[in-house]
Amino acid sequence: TSSVPDLTQKLDKLKLEVPPQIEGSFPASNTTDLCRNYIANNLSKLANVDANIAFQALEWSIVLGNGDLVVPLPRLRLKGNLDELAQKIAAEFPLGGYLEKVVPKGKFLQFFFNTQFLLNYVTKDVLTRTSDYGSAPVGANKKVIVEFSSPNIAKPFHAGHLRSTIIGGFLANLHEKLGWKVIRMNYLGDWGKQFGVLAVGFDKYGSEAELKADPINHLFKVYVKINEDMTSEKEAAEKAGIELPADATDNQARAFFKKMEDGDEHALGLWKRFRELSIEKYIDTYARLNIKYDVYSGESQVSNEVMQKVTETLEEKKLIKVDRGAKLVDFKDFKEKKLGKVLVEKSDGTSLYVTRDLGAATERKSMYNFDKMIYVIASQQDLHVKQFFKILELMGNDWVKSQMVHVNFGMVLGMSTRKGTVVFLDDILEQVKNEMLGIMKKNPDKFSQVEDPEKIADLVGISAVMIQDMQSKRINNYEFGWERMLSSEGDTGPYLQYAHSRLRSIERNCNVPESELLKADLSIENLVGSEDQLKKLDLSEEEYSKKLDQLKNQTEKVQGLIRIITSYPDTLKYASKNYEPSTIVTYLFKLTHQFSSTYKILRVMGEEREVLVARLALFSAVRQILNNGLKLLGITPVDRM
Ligand code: ARG
């Protein structure tokens, strides 16, 4: 869809030439980039600077009155009187049909896009490319692993996992849209002494039938009970002032895990069943969030060979010290005092969380030869991640610095179901669905028209949770608020869903065939009218000035709206640099707010056919982008609610 011949055709129709393409820009799929190419090439000639430098100097302006793109001339590294130069360049700048004007402001040059060009060109671009609009082959031929969610089997799926799931799912979609080959990976916490604990617990409290019926909850129940036993055993021993007896649960658990690490078949068989049944259940739950993993990996999956290699390299590179039989890395020795010390092998020879991460990363590099690997892990583990990235680097992996990315995030406060504090993903999703259903039932008329209310409540409820999570910078903590996130007023998931279904209903009511929409006359005169048209009407002075005001307001709204539509591809590119879902969420709110205020004064139904079709084309483009944006976030847009 974004090949150059295609661009030639599109531009031919507008009597524009294809500009020389600056590396790293995507003029065929991003109209702002197209304009940047034109401007940079002309600027390069007029100011005698390198076109790449000119391109880099083009900044978005935030206020419409200051132009769409701005160049601070100092950024072009020019000498002499820059104010004068700005005047001169502005006077000579060829507008080329895509610019309305170029205005000098001190040392700045302001470039104003031609609104009519954007209306004609971008609206059709959206309506023809549909779900592809926004994408660009930024990551063509490149591979990225996104590791996210990564819950621990037999332990609660807590808020940290929920956030990792939501943010990671988005980042995977985003990279896919930008042309990367994406591998979605879940790195389960499926190894460690807790499995010994679980095994002992299952022996004592487990039930085969319950395990089959609901593995995640059952294993968790067992885990809680056996942990209670361990606590009381420990207390008893302390009270009596003795060591834990050899047959204490804790010691049995340790012994069991040791057997697992040594490859004991019986021990591994039990563990494998726990793991497989849990994954089966996870697959269904993630599907509700539109997430499908390519790989269920996990701490257990790192091969012994790789682990051995890691240990060897650590020794070879003299990275470890031995302390009472245990091995550790002391970062002080490598001028990284802040990172403290970290244990990499216990005295009984068993591995640790950090060691398994070292092995997993090494193994993935050789298995997938990725160009980038993203870890979506809570900021509570910042130190852990810094430590293992650093050790990997010290081991001689020069790709770590440029290819490994830690996308961190803050905490969710007060997340609990209304019944209690233990949280599983499924419980949260069930509860949010029921709450939403309750809200929908408050409007019985509308409710009776919804075809599958359970399904809609599920989708809208999930979007509430997801938008709440992604609407501010990910590093921020936030308070989990049922009422707030489910409200259809204010910036919430239901609000975006409501806007989408409203746009859908406008489309349904107008029922204009796609071929006609694509031929819409998007001239400003047709969309909102013109002064000339007003003059021809026989209006009283008062009425005329009222109509003129209206015309101005409508024009301004349309100008704003088409610019937001145009900036969607840039928004994706930006989000891929800062790894912030909030970049997309903020954009979608801006889009829907501008749509509602435009729609309020620019009606569709009841207008003459030509006008109706043009306005509908514009709003359909909004609907398409809202649809694309929601899906990108991992949300299923609803058509009615
Ligand atoms: N299972 C871990 C936890 O729940 C998260 C794993 C994050 N990924 C990693 N490569 N360490 O804390």
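Residues 33–113 have end C-alpha atoms that lie 12 Å apart, and this span is 40% helix and 23% strand. Helices (H or I, at least four residues) and strands (E, at least two) are DSSP runs, numbered from the N terminus. In an unreviewed UniProt entry, residues 33–113 carry the annotation "domain: Arginyl tRNA synthetase N-terminal"; such annotations may be inferred rather than shown by experiment, and their positions are given in the numbering used here, with feature names shortened.

The model is predicted: local features need pLDDT of at least 70, side-chain atom pairs count only at pLDDT 80 or more, and totals for chains, interfaces and linings use all residues. Residues are numbered from 1 along each chain as its sequence is written.

The secondary structure of the chain comes to 27 helices and 14 strands, and the C-alpha trace spans about 100 × 70 × 40 Å along its principal axes. Of the 641 residues in the chain, 39% are buried, that is, 20 or more other C-beta atoms, placed from the backbone, lie within 10 Å of the residue's own (12 or fewer: exposed; in between: partly exposed).

The domain assignment divides the chain as follows; the bounds come from an automatic or database assignment.

| Domain | Residues |
|---|---|
| Domain 1 | 4–113 |
| Domain 2 | 143–315 + 351–413 |
| Domain 3 | 425–633 |

The C-alpha centres of domain 2 and domain 3 lie 41 Å apart. Between these two domains, 23 residues of domain 2 are in contact with 21 residues of domain 3, where contact requires C-beta atoms, placed from the backbone, within 7 Å. On the side of domain 2 that touches domain 3, helix 6 (159–177), helix 11 and strand 13 (412–413) each supply at least two residues. Helix 6 gives the largest share of that side, 10 residues.

Just after helix 9, Gly 241 takes a positive phi of about 70°.

Around the ligand are Glu 147, Ser 150, Asn 152, Tyr 187, Gly 189, Asp 357, Tyr 375 and Ile 377, each with its C-beta atom, placed from the backbone, within 6 Å.
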